[in-house]
Amino acid sequence: MALFLLDHGAGNVQSLANSIKKLGYDFSWISSPDDFHKASILVFPGQGAFHTAIECLTERGLLEPLYDYIQSGKPYFGICIGMQVLFASSAESPSTLGLGLIPCQIERFDDTTKPVPHMGWNTAEPIDPDTLSSEGVSSSDHYYFVHSYRAKYDPEGNPEAAMWAHSTTQYGQEVFISTVRKGNVFGAQFHPEKSSVAGLTVIDAWIKQSLAGRIPAEPSPRIPRPPKPKHGFTRRIIACMDVRANDEGDLIVTKGDQYDVREKSLTSTPLLNATAVKTAGAVRNLGKPVALAARYFESGADELCLLNITSFRHSPLQDQPMLAVVRAAAECVFVPLTIGGGIKDTVDPDGTKRSAVEVAGAYFRVGADKVSIGSEAVYAVEKVRSAGGILDGSSAIETISKVYGSQAVVVSIDPKRVYVDPATYGGPYKDELVYGRLDGPEYERGKAWWYQCTVSGGRETRPVSVVQLAQGAQILGTGEILLNSIDRDGTGLGFDHDLIGLVKRAVTIPVVASSGAGTKEHFVSAFIETGVEAALAAGIFHREEVGIQEVKLALRQAGINVRS
Ligand code: 1PR
């Protein structure tokens, strides 16, 4: 039996390849239309936009052979876009036709009552209670979803499509099809390759079943059942590693205080008559990125984030060490991996121009799931604002989200508080001012402030507020906001709830709270007080002051749903 994987050329296929290797199976890639004849089982892992997937398959002459392969009755497993292409069409690109096997259009989630994309861990309820036909999908597990479009589960309105439903998932008030199964066809809207042990179990069960030839020869339509509502969506805990070269040139995980990653040391200088002065010491070394990533995966982190804060991030495609770090991390981490730092149009030292899409693509190919854009997002929003809100399609956010989907693009914001006198301030950010509470810390009492965006790792401030940036980034097509705080970074004082609440109210995409976590209670209060979707921390996890499981236990005890 030959297991083949189909790469449509615009998604992270490496993660699936890593999962299958981890499970101990050999596989080949479909590289030409003829390969479909050699395949006896086929997996199509998809990420990104519906039209891009169909266009890429068409351009490479793979769309028809794919259809013929599926019709031949051989086992097929489509993941995310690989499942969506089975449908008639998608509202994401109404003029692009899918394979049409499932007579239903994929539609966009309603974002008026919940953040979209649906990004994070959720449950899947098998429709058939028979565990033997569950393909390893269990209602007690969580799976990683990341998508803005979904097939509605509507047994009354569209019974023919509902017959394909194998499990359903609830997000907000909507129930959608999370897996499909009919005859030789299986599909999952979630990413099993990014769903830790639960996901690997699904892949393994399907491969074993396919190898054993346990595929019903005839389609096995089932009776559509009413949706089983279940609020399984969880809040996410993310471990972040700031990676840079130390003075010896090795890549290490570092962590600063308010973005200063060097140790402070007191030095005596003869010139200053032996007076002790503070100088910048060595880059703080908190471990090796791949080993730490593996540790966080084992400890139950829901996602990992690797930020390349090293100086040679200016030409990331020459930056083989960082690509190697991501590749090695992706081989041992089976939860989503975000990579940030230097995601922009660049020029290599030899003068070769690299577009932001190429840079992002290089990271996706080695196993990243999302890219995080910092400075470039600020410049892009400034440009759109000065063009009166008109988008020209050239920004890194737009170009990457067009190819890989908005769910693959995170904007990382590095804001700083700007204190003003509330009695006299008449500046442009009046409506965004936060007023210090009388019972708040002393340094806030009687004051007001707005949040100013920065670039270049906090070194330069720009004339854009955090609200303007978050809203602009959403309009440009980003799928998630990673909200840092330079004032709180590394302080352990807790997340800045005022900042998080401000941004959360300004956008409808998911927001990740970052900077300042010092105790497990800080996570609890951030989720309860701001309603944020995810919380990220670095220092306390690196220094092993608080464990990820301790945080999750505290959240569970506070009634907050988290993945076990
Ligand atoms: O501008 O697109 O090249 O992206 C650069 C990226 O690198 C941005 O996401 C920026 O936040 C990050 N970055 C740049 N310089 C630094 C630095 O520390 N000198 N790190 C830096 C930012 C902040 C968070 C940190 C949280 C949690 N680090 O990543 O992990 O604050 O920390 P804590 O839990 O210890 O408080 P571009």
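How many salt bridges does the structure hold? The structure holds 27 of them, a salt bridge being a side-chain nitrogen of Lys or Arg within 4 Å of a carboxyl oxygen of Asp or Glu. The model is a predicted one, in which local features need pLDDT of at least 70 and side-chain atom pairs count only at pLDDT 80 or more, while totals for chains, interfaces and linings use all residues. Residues are numbered from 1 along each chain as its sequence is written, and side-chain values use heavy atoms, with hydrogens and water left out.

Among the salt bridges is the one between Glu 303 and Arg 236, whose closest N and O atoms are 2.6 Å apart. Glu 303 belongs to strand β18 (residues 303-308) and Arg 236 to strand β14 (residues 236-245), so this pair ties together parts that are 67 residues apart in sequence. Here helices (H or I, at least four residues) and strands (E, at least two) are DSSP runs, numbered from the N terminus. Glu 303 is buried, at 1% relative accessible area, and Arg 236 is buried too, at 0%. The term buried stands for under 20% relative accessible area, exposed for over 50%, and partly exposed for values in between (1.4 Å probe, protein chains only).

What is the relative accessible area of Arg 354? Arg 354 is partly exposed, at 23%, whereas Asp 348 is buried, at 2%. These two residues form a salt bridge with their closest N and O atoms 2.8 Å apart. Elsewhere, a network of salt bridges links Glu 107, Lys 114, Arg 150 and Glu 174.

The ligand has 26 residues around it, of which Ser 375, Ser 412, Asp 414, Asp 489 and Ser 515 come nearest; a residue is counted as near if one of its heavy atoms lies within 4 Å. A polar backbone atom of Gly 374 is 2.9 Å from a ligand oxygen, and a polar side-chain atom of Lys 255 is 3.5 Å from one. On its own the ligand has 760 Å² of accessible area, and the protein covers 96% of this (Shrake-Rupley method, 1.4 Å probe).

Helix α15 (residues 520-530) has His 522, Phe 523, Val 524, Ala 526, Phe 527 and Thr 530 as its buried residues. These residues pack against β14, α14, β30 (534-537), α16 (539-542) and α17, with contact meaning heavy atoms within 4.5 Å. After α15 comes Gly 531, with a positive phi near 70°.

Definitions and conventions. A polar contact is a pair of N or O atoms within 3.5 Å; within protein, one must be able to donate a hydrogen and the other to accept it, and residues adjacent in sequence count only if both atoms are side-chain atoms.
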